[in-house]
Amino acid sequence: MQTLDSFDWIAISIYFLVLLGIALWVIRKKENNTEDYFLAGRNVGWFVVGASIFASNIGSEHVVGLAGAGAGDRLPMLIYEIQAWIVLILGWVFLPFYARAGVFTMPEFLEKRFDARARWILSVFSIVAYVLTKISVTIYAGGVVVSALLGIDFWTGAIATVVLTGIYTVLGGMRAVVYTETLQAIILVIGAAALTFIGLDHVGGWESMKETVTPEYLNMWRSASDPDFPWPSLLIASTITGIWYWCTDQYIVQRALTAKNIKEGRRGTIFGALLKLFPVFLFLIPGVIALTLKMRGELHWDSPDEAFPVLMSNLLPSGLRGLVAAGLLAALMSSLASVFNSCSTLFTVDIYKKIRPNAPEKKLVRTGQIATIIVVIIGIIWIPIMANISGVLYEYLQSVQSYIAPPITAVFLLGIFHKRINSQGAFVTMVVGFIVGALRIVLELVKDSLDPDSFWYLLGDMNFLSFASWFFLFCIILIVVVSYATPAPSDEKLKNLTYATISDEERKKNKNSYNWKDIAISVIIIAIVAYVMIWFNGK
């Protein structure tokens with residue numbers, strides 16, 4: 001690892017000064033009400049919405065973890081990164097329902113479609129899920145990046161970044177998050193693109209790289225009997241997790257809800273989907289480049305998760321190295337800022353406001369700020385436990401999400417597409433689903449102490465992709481059976497909240513919110529996704 005020099009530090013300093021300027025400008029403009037603090041006053045344009053969706057998704061856990069997947073023979077994991085088509089589903093399918101319902105949060109939507117029980121369960125569960133996946137993983141990845149780049153110990157790097165991000169998120173709210181994320185997305189794309197091009201040039205081009213790692217290495221489609229990544233389970237589980245993450249998770253959907261109107265929101269998701277095509281080439285390929293150089297004896301790293309920082313520090317010229325380092329820190333900060341704001345929104349709007357319905361706006365904003373601080377502390381405490389679940393950061397993230405996603409995806413999908421699904425079906429599915437998901441995490445941690453012939457060992461040892469696929473089918477059957485065994489919901493409760501109950505006026509309004517350009521760009525994005533999936537076939 002080469003250490004950063006004077007030019008690098010100048011680049012980092014300029015970047016952070018610009019970031020500070022944006023944050024201060026936003027903090028001065030903000031108003032002390034919940035709509036401004038949690039949804040940036042619902043007045044954001046499509047470019048900022050799309051950039052914010054992309055920056056929220058691409059945190060340092062993606063940069064570090066995806067490059068690690070590329071360097072550590074886990075290429076099938078890239079399927080999670082070419083799900084741009086699912087981001088389109090958010091804009092075309094789900095967003096119109098959320099906009100019609102006029103909601104701040106996803107649990108609030110479930111209350112309108114089902115009942116208050118569904119809202120409570122999803123609120124509490126989402127906050128727990130953020131600590132298990134987003135916060136702890138992002139802080140951990142940030143610690144790896146910061147300690148590698150700046151030459152300081154892991155915990156100092158992790159906590160310093162958390163505190164800095166926490167300050168501007170607490171003070172500026174959602175407006176500070178979306179505007180700083182726009183800058184961070186631009187810096188990260190420029191920096192990672194430079195590393196990919198310089199890296200490919202350094203290894204002698206794509207064909208030379210493919211020759212070193214062998215073409216089979218670049219195959220994302222393993223056989224159906226593969227113990228790690230059987231392709232049918234990979235395709236099904238990644239889609240289930242994708243719909244949960246992109247279409248129903250507060251963390252991402254909150255960005256689309258900040259838009260001025262449904263037209264800007266949908267265009268924001270289309271732009272976000274377009275940006276989502278980049279990570280494969282910007283973060284996974286550098287991991288393969290790092291492996292190529294290691295195989296040739298030109299580079300050394302101990303863990304695949306170190307591939308990106310080591311490659312960056314050795315290949316990039318002075319100054320540009322500092323800019324990419326700033327981009328990596330930006331990725332970490334944007335992910336943390338997003339999840340901090342989402343957690344405080346969920347706690348304040350869905351839990352505190354339900355208990356204290358007459359609380360003044362200033363009190364609600366203050367409560368959101370305190371909730372952010374508490375969640376940060378819990379996330380830091382979870383990091384050492386997280387290290388025991390999976391050896392590879394990106395795989396840990398996807399495996400835990402595979403246990404969380406099936407019940408939520410089933411409830412949202414069937415809730416919108418099937419008007420007979422009722423509150424009892426949603427409630428039972430979410431409760432049972434969350435118990436099964438928690439049980440799987442516990443069994444995975446203690447499976448070595450179980451009898452290898454027992455059912456519990458089988459449940460804890462089953463491939464996480466296969467488990468997620470069967471778990472989703474179980475949730476679908478459960479919600480349908482319970483709904484049909486109990487009374488149907490009233491027509492008044494369903495108005496404009498399922499496809500079968502949209503009024504003619506709302507259908508017309510939705511039709512006027514897009515044109516042929518929106519459709520054409522969406523079709524092009526789907527075609528690119530299909531091409532990338534076919535291209536990585538190991539030939």
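## A cavity and its surroundings

The structure holds three cavities of 30 Å³ or more. A cavity here is a set of points on a 1 Å grid over the protein atoms alone where a 1.4 Å probe fits but cannot get out. This is a predicted model, where local features need pLDDT of at least 70, side-chain atom pairs count only at pLDDT 80 or more, and totals for chains, interfaces and linings use all residues. Residues are numbered from 1 along each chain as its sequence is written, and side-chain values use heavy atoms, with hydrogens and water left out.

Let's pick the second largest cavity, with a volume of about 70 Å³. Its lining residues (those with an atom within 4 Å of a point) include Met106, Pro107, Trp244 and Ile408. Here's how the lining divides:

| Kind of residue | Residues in the lining |
|---|---|
| nonpolar | seven residues |
| polar | three residues |

The largest share, four residues, comes from α7.

Now for α6: seven of its eight residues are buried (under 20% relative accessible area), so this helix is largely enclosed by the rest of the structure. Among the buried ones are Met106, Pro107 and Phe109.

Tyr98 is in contact (heavy atoms within 4.5 Å) with Met106, Phe109 and Thr248, among others, leaving aside its neighbours within four places in sequence.

Notes. On a 1 Å grid over the protein atoms alone, a cavity is a set of points where a 1.4 Å probe fits but cannot get out, and a pocket is an open set with protein on both sides within 12 Å along at least five of seven lines; lining residues have an atom within 4 Å of a point. Grid points are joined across faces, edges and corners, and a volume is the space filled by probe spheres set on the points. Helices (H or I, at least four residues) and strands (E, at least two) are DSSP runs, numbered from the N terminus. Ala, Val, Leu, Ile, Met, Phe, Trp, Tyr, Cys and Pro count as nonpolar, Asp, Glu, Lys and Arg as charged, and the others, Gly among them, as polar. Buried means under 20% relative accessible area, exposed over 50%, partly exposed in between (1.4 Å probe, protein chains only).
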